[in-house]
Amino acid sequence: MSAVPLARDVAAVAAAAGCVALLVRPERGPLPLARRAAGLALLVAGWVALAVTLIPDRVAHDVSRVLSRPITAVAAVLAVAAGVAAFVLLVRLTLRRPTAWFVLLALVLPLRVPITVGGREANLLVPLYAVIAVGLAAWLWGRARGRLGPDGERGAALDLPIAAFVAFTLLSTVWSSDGSQAAIKAVAFYIPFVVLYRLVVAWWPRARALRALAVTTLAMAVPVALFAIAQYLTREVFWNHRLQQSNVYSSFFRVNGIFYDPNILGRYLVLALLVTVGVALATTSRRTLLALAGLAACYLGGLAVTFSRSSALALMVGLALLAVRAFGTRRTLAVGGLVLVVLGSAAALRSHNVRRAFTSSARFERVSEGRLDLVRGGVEIWREAPVVGTGLGSFEAEYQQRLTRRERARTRVIISHNAPVTVLTELGAVGFALLLALISWTAVVIVRSARAPGAQGLAEWVMLALLASILVHSLLYSALFEDPYTWTVAGAAIGLAGRRRAEAPTPAPRPPEPVPVA
């Protein structure tokens, strides 16, 4: 075994052990600080080591060549100094005003930067990684100086299922048939997002986090939606050459906004719409309702020009859950079923293509744009490694390997577009069982907590609607655990439940019973 795969496997095992030590609590009460610190250190060490394995050999040569010039060397030093100064200022700001960290978090959650990692082009959440580092440094510094109490270090209800799923996912890097892709997913998504989840839970009691996340998200979505509409009017898209070519031959023009893919833009606007409806359900002010209606119209305009069917389905599921909270299950099912029957019948009567999609399997496969073939291919791959799968990040390589030369030329998409099938393929029956346990336990925890009346219960129900919409979207697009909103919303739901329990009045102690006198 060469040095790079061995180092990658050791780093993945260390990161998995660190994840378990960071999250799993063997006893009630506060988690031991030493064990949590050791787990965090091991997780970060594995993260750094995995990242190092992705650095090409030529990078060191290119850096030394650039720094050999006096002008570029001075510029690099100044840039590093400025970055360190900004980082220190943000850490101090987070310690003084934790709400500011949630504002920064909401600002950077949708921002992706196109870079090359491990010889592959990727759109990574580089600004988000910086904000995670700021939150982590502020937390560690505050704990070291005694400025933060231990209440944020208590175990959360989702810690155990998250630790089990993520640890097994990281361990699968050892037997992955595409170790480089496994390292990319671990470094870019799983490891930093576990830290993100814990930071959201830890900082939540110390900030006005819900308002910061909601207001910033609604404000950010406005320019994103307007930019998407402008793209549609000008017939120009950016970053995605494949989308540009597709629009030339398509009967409708799809836009991607600030994202690489129209479906991710659609998912982002769906989340903004659900937050808008959730805020509307919590307010009685006419001015606020009118403002929210204007925002919703703006978001719907941006969503419409994405022509994302997966996003439309996710929106319907999210709105249905919010309607259950507002109007009850029976009314929601009755009205929703009636609307689906009426609109579905009208669409089938007016369009021959819609009727064929419902009655012809060949037409349905064509409408799915190859997604059914991907699902079937994923199941076939799973049958060859049914217990533990083919390893993290292996779907693309395994699927492509099974195609003939002619099929490769005709196949447009080889990346899995279904998150559960991806998990089944890459992690086998063990990983799929852990996924089902995580989804089920998350739903149970949030539903139980959201039964509380008032704004707190409504806010937790909105979190459930957001997670459900992301899950439904991932059935047609994937990117369930690669989406930072999944981890942020999960942490927010746990934070809301913890704050509600902390603010609940403590029942008065019963007076002692009188002792009978003999």
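Predicted model: local features only at pLDDT ≥ 70, side-chain atom pairs only at ≥ 80, totals over all residues.

Modeller: The structure holds 16 aromatic pairs, and one of them joins Phe-227 to Phe-238. Their ring centres lie 5.9 Å apart and their planes meet at 5°, so this pair counts as stacked, the limit being under 30 degrees. The pair links distant parts of the chain, 11 residues apart: Phe-227 belongs to helix H9 (residues 209–234), whereas Phe-238 lies in the loop between H9 and helix H10 (241–249). Phe-238 is likewise partly exposed, with a relative accessibility of 33%.

Another ring in the account is that of Tyr-232. The charged end of Arg-235 sits over this ring, at 4.4 Å from its centre.

Ring pairs also build a cluster, which consists of Phe-165, Phe-189, Tyr-190, Phe-193, Phe-481 and Trp-487. Helix H7 (159–171) and helix H8 (179–203) are separated by a loop, and Ser-176 is found there. Ser-176 is buried, with a relative accessible area of 13%. The side chain of Ser-176 reaches the backbone oxygen of Leu-392 at 2.7 Å. Beyond its neighbours within four places in sequence, Ser-176 is in contact with Ala-182, Thr-390, Gly-391, Leu-392 and Ser-394.

Definitions and conventions:
Residues numbered from 1 in each chain as written. Heavy atoms only, no water. Helix = DSSP H or I, 4+ residues; strand = E, 2+ residues; numbered from the N terminus. Buried < 20%, exposed > 50% of the residue type's maximum accessible area, 1.4 Å probe, protein only. Polar contact = N/O pair within 3.5 Å; in protein donor to acceptor, adjacent residues only side chain to side chain. Contact = heavy atoms within 4.5 Å. Phe/Tyr/Trp six-rings, centres within 6.5 Å; stacked < 30°, edge-to-face > 60°. Lys NZ or Arg CZ within 6 Å of the ring centre and 35° of its normal.
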